[in-house]
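Below is a short report on the strands, helix contacts and loops of one protein model. The structure comes first, and the description follows.

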Amino acid sequence: MACQEEGLLLDEYPKEKFWEILDLYQLDGYWYSGDVIPGMLAFKSEFEALSDDVILASSMKTGTTWLKALCICIMGNQRKNDGDEVDQLEVKNPHDHIKCLEYFYYFNLLSKLKDMQSPRVFNTHLPYSALPESIKNSECKIVYIARNPKDTFVSLWHFFNQILPPNTEPYPLEKAYDSFIKGIHLFGPFHDHVLEYWQESLKNPNKLLFLKYEDLKRDPKGEVRKLASFLCRPFGDEDNDEVDKVLWRSSFERLKNLEVNKNGKLSDSGVPNSSFFRLGNVGDWQNCFTDEMKQGLDEITCKKFEGSGLDL
């Protein structure tokens with residue numbers, strides 16, 4: 001699908017400015033950058049899911065990097081090189097191992113898509129309603145990771161400030177907060193995004209596994225076992241050492257200190273690998289939020305999730 005043709009269509013969508021630097025366009029209730037929309041529409045209409053595909057879905061900055069690293073370890077990527085095993089997390093950033101599905105279409109990488117060996121693992125930041133019918137109706141599996149909205153916002157704010165053009169002043173926290181609570185951010189609104197996947201996980205738990213970042217931090221062994229079982233690669237009762245190995249290989253501190261993540265950049269976007277490893281903590285919002293900000297976002301969260309059974 002030609003970007004030029006899609007560019008002509010962008011004028012038809014409601015438009016808002018994100019952080020005064022990026023035009024976002026609203027499509028079916030969600031906000032996207034202009035470069036995402038062509039690939040997203042092509043992906044939605046053309047992608048054919050395979051029965052053993054795995055889709056890692058998330059809103060931005062909710063634990064995507066960790067989830068990718070965990071799945072790489074669980075699904076096996078120790079490759080032989082002259083008889084020795086090579087840990088692929090030492091070779092490339094998790095985001096270069098598991099690509100965003102819609103960007104296969106935007107960057108015209110369909111030949112790579114077709115050449116991938118099964119089982120294929122992808123990720124997407126698209127809401128559930130924007131996924132192709134072939135994903136929804138096939139036997140492929142979806143893993144969604146959610147996070148407390150206050151920590152999500154703080155992580156989002158730090159991340160985008162890190163990748164702003166050189167010599168650009170950090171975008172004010174208060175303005176970024178205002179944009180977030182209005183839902184005007186990439187792939188926002190956040191709460192609607194989370195709620196779509198949550199509701200689908202209740203309808204079809206064998207198809208969609210809903211994880212929480214905080215649960216992974218609180219009970220990493222239990223959550224990793226749950227994830228592995230969902231991916232049809234369960235650990236046995238006696239496999240505690242293997243679980244520990246997965247957690248060590250995918251741990252924040254290890255990944256942050258790998259040479260590839262200290263100095264490398266993503267192959268498609270050029271975003272520094274180091275920008276994906278800041279703190280990885282729960283509760284960092286307390287270092288940034290005023291009481292008024294906390295109350296405001298908590299009220300929105302309670303209202304949005306009321307009656308859903310979801311607690312973040």
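Two strands are said to pair if DSSP finds at least two bridges between them. Helices (H or I, at least four residues) and strands (E, at least two) are DSSP runs, numbered from the N terminus. The model is predicted, and for that reason local features need pLDDT of at least 70 and side-chain atom pairs count only at pLDDT 80 or more, while totals for chains, interfaces and linings use all residues. Residues are numbered from 1 along each chain as its sequence is written, and side-chain values use heavy atoms, with hydrogens and water left out.

**The antiparallel sheet**

Strand 2 (residues 22-27) pairs with strand 3 in the antiparallel sense over four bridges. Within this pair, Gln26 has Trp31 of strand 3 as its bridge partner. The sheet is open and has three strands in the order 1-2-3, with antiparallel pairing. Strand 1 (15-18) and strand 3 (30-33) are at the edges with a single partner strand each, so one side of each is left without a neighbour in the sheet. On average, neighbouring strands of this sheet are turned by 40° against each other, direction ignored.

The loop between strand 2 and strand 3 contains Asp28. Its phi is near 55°, a positive value in a residue other than glycine. Asp28 is exposed, with a relative accessible area of 64%; buried means under 20% relative accessible area, exposed over 50%, and partly exposed in between (1.4 Å probe, protein chains only).

**Strand 8 and its neighbours**

Strand 8 (residues 141-146) is mostly covered, with six of its six residues buried. Lys141, Val143 and Ile145 point one way from the strand, Ile142, Tyr144 and Ala146 point the other way, and all are buried. Strand 8 pairs in the parallel sense with strand 4 (residues 54-58) over five bridges, and Ile142 of strand 8 is the bridge partner of Ile55. Strand 8 also pairs with strand 9 (residues 208-212), again in the parallel sense and over five bridges. There, Val143 stands opposite Leu209 of strand 9.

Helix 3 (residues 64-75) and helix 13 (residues 240-249) have axes that come within 9 Å and cross at roughly 140°. That makes helix 3 oblique to helix 13. Angles under 35 degrees count as roughly parallel, over 145 as roughly antiparallel, 65 to 115 as roughly perpendicular and the rest as oblique. On the helix 3 side, Leu70, Cys73 and Ile74 meet Val246, Leu247 and Arg249 of helix 13. By class, this contact has five nonpolar, no polar and one charged residues. Ala, Val, Leu, Ile, Met, Phe, Trp, Tyr, Cys and Pro count as nonpolar, Asp, Glu, Lys and Arg as charged, and the others, Gly among them, as polar.

The axes of helix 3 and helix 12 (residues 220-230) come within 11 Å and cross at roughly 60°. Helix 3 is therefore oblique to helix 12. Contact, meaning heavy atoms within 4.5 Å, is made here by Leu67, Leu70, Cys71 and Ile74 of helix 3 and Val224, Leu227 and Ala228 of helix 12. The residues in this contact are seven nonpolar, no polar and no charged.

Asn240 lies in helix 13 and is partly exposed, with a relative accessible area of 42%. Its C-alpha atom is separated by 8.5 Å from that of Lys221, 19 residues apart along the chain.

**Leu297**

Leu297 lies in helix 16 (residues 291-305) and counts as buried at 0% relative accessibility. Leaving aside neighbours within four places in sequence, its contacts are Pro149, Lys150, Tyr177, Phe180, Ile181, His191 and Phe289. Leu297 and Thr152 are 145 residues apart in sequence and 11 Å apart in space, C-alpha to C-alpha.

**Cis peptide bonds and a further positive phi**

| Cis peptide bond | Omega |
|---|---|
| Ser118 and Pro119 | about 0° |
| Gly188 and Pro189 | about 10° |

Pro119 lies in the loop between helix 6 (110-115) and strand 7 (121-124). Pro189 lies in the loop between helix 9 (173-181) and helix 10 (190-203). Phe187 also lies in the loop between helix 9 and helix 10. Phe187 has a positive phi of about 65° although it is not a glycine, and at 4% relative accessibility it counts as buried.

Conventions. Axes fitted to C-alpha atoms, helices over the stretch in contact; angles between N-to-C directions.
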